[in-house]
Amino acid sequence: MKTWFYTRRGIVKAVNGVDFDLRQGECLCLVGESGCGKSVTALSLLRLFDSPPGKIVSGKVMFAGIDLANCPVEQVRRVRGKEIAMVFQNAQSALNPVFTIGDQIMEQINAHGRYNRADARKKARLLLEEMNIPQAENALNMYPHQMSGGMKQRAMIAMGLSCDPSILIADEPTTAVDVTIRAQIMFILQELKTRRNMSIIFITHDLSLVREIGDRAAVIYGGRVVEIAPVETILTDPAHPYTRGLIACLPDISTNLKRLPSIPGNTPNPIDLPEGCTFHPRCRDVMDVCRSTEPALVNIAGVHKVACHLYDNAGAFIA
Amino acid sequence: MINKVPLLQIKNLKKYYRVTAGLIPRPLGEIKAVDGVSLDIIEGEVLGLVGESGCGKSTLGKAILRLEEPTGGQISFQGTDVLSLNKRDLRTLRGKIQIVFQDPDSSLDPRMPVGDSIGEALIVHGVSGAGERGRRVARLMEKVGLEAGFAERYPHEFSGGQRQRIGIARALAMDPRLIIADEPVSALDVSVQAQVLNLMMDIKDADGLSYMFVSHDLAVVKYIADRVAVMYMGQIVELADKEELFRDPLHPYTEALLSAVAGLRRGGGSRILLSGDMPSPLKPPAGCRFHTRCHRVMEICPVAEPAFREVVPGHYAACHLYP
């Protein structure tokens with residue numbers, strides 16, 4: 001899939017060839033730094049970006065036999081919220097300040113369902129209870145400003161779940177909250193995965209969260225998936241030089257380093273992506289071919305795929 | 001190595017904010033953002049200050065420079081009583097203690113070339129010749145890993161990491177002895193964060209600086225700090241050498257914070273989930289302020305405030321578990 005934005009300053013190639021699949025009951029993490037295209041990828045799945053300037057210029061998003069990238073918008077609308085729901089990073093701005101939490105959840109519930117007021121309210125209360133919100137009945141009557149950041153984020157997740165979707169997309173749901181609150185939210189998401197056998201696409205820049213919740217992880221750089229594998233493999237045996245660098249440069253409380261390894265340079269600007277492999281200006285293992293040819297995503301071992309010229313088309317390590 | 005002379009001594013520092021509401025302001029109460037903090041920063045050390053948002057860690061940093069005028073307490077820097085300084089002497093002091101803010105976007109003037117932003121401090125502190133100023137700006141930019149030729153460029157032409165380097169260069173302009181770094185890498189991507197942390201370490205080693213490093217990220221603090229202070233609702237609840245604190249945390253809050261940090265390479269230890277959120281700072285809980293969320297709460301905790309005491313040599317905690 002490619003999603004480009006046609007702006008006055010040029011074409012922003014936010015998503016520039018992303019491939020992945022998501023299985024039932026699995027949590028797939030999209031990992032990457034700011035501007036890598038991970039959020040636009042998620043928005044593209046539901047066509048939630050402004051068009052124009054944005055456009056899915058090529059690719060498919062197959063869900064239950066429908067190609068969400070190319071079907072009429074009305075069809076996508078039936079999937080949004082009902083089959084695939086999304087939780088955003090900033091609960092503060094995603095919630096409407098002039099309606100109570102209860103009203104907002106009930107609105108969601110009835111967006112695709114037909115419940116009378118009492119039933120909708122009961123369902124909303126149950127959802128808040130599932131989110132471990134104390135005194136859920138009370139919370140229904142609260143306005144967003146009366147809730148703490150952690151509660152708002154959990155209310156957002158409750159809204160996401162209001163139509164019992166089969167896929168939940170969580171876009172950096174813990175970035176704006178403190179570590180102790182983050183732990184609570186991660187716990188809830190893990191519960192959801194096991195209890196509802198839900199599929200989750202978890203978008204984050206934080207590899208330590210990937211370890212906690214992910215089954216598989218896709219590392220995104222410059223609008224492309226550069227590596228995708230089971231989480232354990234990504235963390236213990238990363239194949240792409242970018243993934244390796246990213247893991248190495250993360251400070252960790254269980255190690256005592258005198259000096260942090262770092263990746264030189266900056267993340268690429270999606271309006272002006274480097275030729276060839278987008279990571280080549282920062283790569284330690286750069287070769288001539290990297291500057292001119294974009295590497296394909298190849299299978300290197302079972303379910304481990306990587307896009308890097310260090311591996312040939314059959315997935316064998318060259319060099 | 002670190003010699004044990006305190007560069008900065010803070011005693012019982014307080015910063016209260018009066019809160020009012022309504023068109024005709026009626027008092028709602030006081031927010032005790034910093035409530036009786038005592039700390040030393042030793043020459044050449046990095047003191048990490050950790051806590052969640054709203055715990056008062058940034059206010060503490062600003063109060064030291066009197067960017068927020070403290071409500072009470074004492075601050076002494078190299079033997080000088082900071083709170084009694086007049087305007088002119090305070091300005092001299094601010095040359096020796098500098099601050100680096102979290103968001104380089106909003107702390108740099110977008111309409112000023114970065115070289116001028118860095119050089120501005122030199123003007124304020126009396127380096128008047130343009131030639132001399134230019135040379136010093138060039139040296140500072142090289143020191144933080146930027147080309148001196150970039151001095152004519154504007155902030156928007158730089159990436160976040162480069163802008164934070166500019167913020168650091170500006171802080172270094174007056175040859176400070178202490179830099180208060182308020183979440184300096186929180187806004188940066190991880191691959192860039194490591195570059196800036198390494199730079200800060202290099203500068204510290206080269207110039208023999210001290211840092212007060214304010215952060216919510218325990219992993220970053222573990223990397224950079226020598227000693228770590230943990231703050232909760234305006235008070236320091238634990239203070240110890242870094243190794244000691246991470247190996248053997250005494251305060252239940254520190255314990256919970258450490259367990260909440262997942263860590264990439266950590267085995268699956270049991271996690272302490274704190275219930276609820278931080279209480280309203282307008283109505284802090286009686287007794288120990290942490291008792292409403294504590295997993296080891298005892299009968300005495302809601303009643304009496306625990307004293308901040310040295311539990312083992314060099315390791316301080318404020319908790320009734322250690323009477």
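## A buried helix in chain A

Let's start with helix α4 of chain A, which spans residues 101-112. Helices here are DSSP runs of H or I with at least four residues, strands are E runs of at least two, and both are numbered from the N terminus. Buried residues in this helix are I101(A), G102(A), Q104(A), I105(A), M106(A), Q108(A) and I109(A). "Buried" means that 20 or more other C-beta atoms, placed from the backbone, lie within 10 Å of the residue's own. The cover over them includes α5 (117-130), α6 (136-140) and α7 (149-160) of chain A; contact means C-beta atoms, placed from the backbone, within 7 Å.

All this comes from a predicted model, where local features need pLDDT of at least 70, side-chain atom pairs count only at pLDDT 80 or more, and totals for chains, interfaces and linings use all residues. Residues are numbered from 1 along each chain as its sequence is written, while chains are lettered from A and ligands numbered from 1 in the order in which they are written.

## The sheet in chain B

Over in chain B, four strands make an open, antiparallel sheet in the order β2-β1-β4-β5. Strands pair if DSSP finds at least two bridges between them. At the edges sit β2 (26-42) and β5 (80-81) of chain B, each pairing on one side only.

Look at β1 (residues 6-21) and β4 (residues 72-77) of chain B: five bridges join them. Here K14(B) stands opposite G72(B) in β4(B). Helix α1 (residues 57-64) of chain B packs on the sheet and touches β1, β2 and β4 of chain B.

Notes:
Two residues are in contact if their C-beta atoms, placed from the backbone, lie within 7 Å. Axes are lines fitted to C-alpha atoms, for helices over the stretch in contact, and angles run from 0 to 180 degrees between N-to-C directions. A residue is buried if 20 or more other C-beta atoms lie within 10 Å of its own, exposed if 12 or fewer, and partly exposed in between; C-beta atoms are placed from the backbone.
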